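Try each task before you read its solution.

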Amino acid sequence: MSSAMITTAFIPVSDPSVAARWYSQILGLDILALDNWSAVLGDGAGSTSLTLLGPESGIKATPGLKWATCNFLVQNLAGKRAELERQGIPVGAVEGSADVCLFFTLADPDGNTLLLTDR
């Protein structure tokens, strides 16, 4: 029996075009596809993607999720947090355990909670 592979995570947004630009600028993701109802972003590795679903997609979720649908791995967690703070983006404290995983949260412009991790 073969195992499944995660291919995308979904986040509801109010405007896919605006959200795609923000995610590209803030997280360095490439915009792979963009239309009126969604935006697909990737990191260049090609195995997983992030799909931002706007109201025209028919998604039943309202933007402003208070829990993270996925995590975003960054190479330098403290550096990324400091960079976001310098840009005036509110970020949470670094939490977790150095032995397991360190992380912090922030919100996208629609109020969706994002989780940035060190592994």
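**Exercise 1.** Is Arg-81 buried or exposed?

Solution. Keep in mind that this is a predicted model, where local features need pLDDT of at least 70, side-chain atom pairs count only at pLDDT 80 or more, and totals for chains, interfaces and linings use all residues. Residues are numbered from 1 along each chain as its sequence is written, and side-chain values use heavy atoms, with hydrogens and water left out.

Step 1: Arg-81 has a relative accessible area of 19%, so Arg-81 counts as buried.

**Exercise 2.** Find out what Arg-81 touches.

Solution. Step 1: locate Arg-81 in helix α2; helices (H or I, at least four residues) and strands (E, at least two) are DSSP runs, numbered from the N terminus.
Step 1: skip the neighbours within four places in sequence, and Arg-81 is in contact with Val-91, Gly-92, Ala-93, Val-94 and Phe-104. Contact here means heavy atoms within 4.5 Å.

**Exercise 3.** Work out the strand order of the sheet.

Solution. Step 1: strands pair if DSSP finds at least two bridges between them.
Step 1: the order in this open sheet of four strands is β5-β8-β7-β6, with mixed pairing.
Step 2: β5 (71–73) and β6 (95–97) are the edge strands, each pairing on one side only.
Step 3: inside, β7 (residues 101–107) runs antiparallel to β8 (residues 113–117) over five bridges, and Phe-103 sits opposite Thr-117 in β8.

Key:
Buried < 20%, exposed > 50% of the residue type's maximum accessible area, 1.4 Å probe, protein only.
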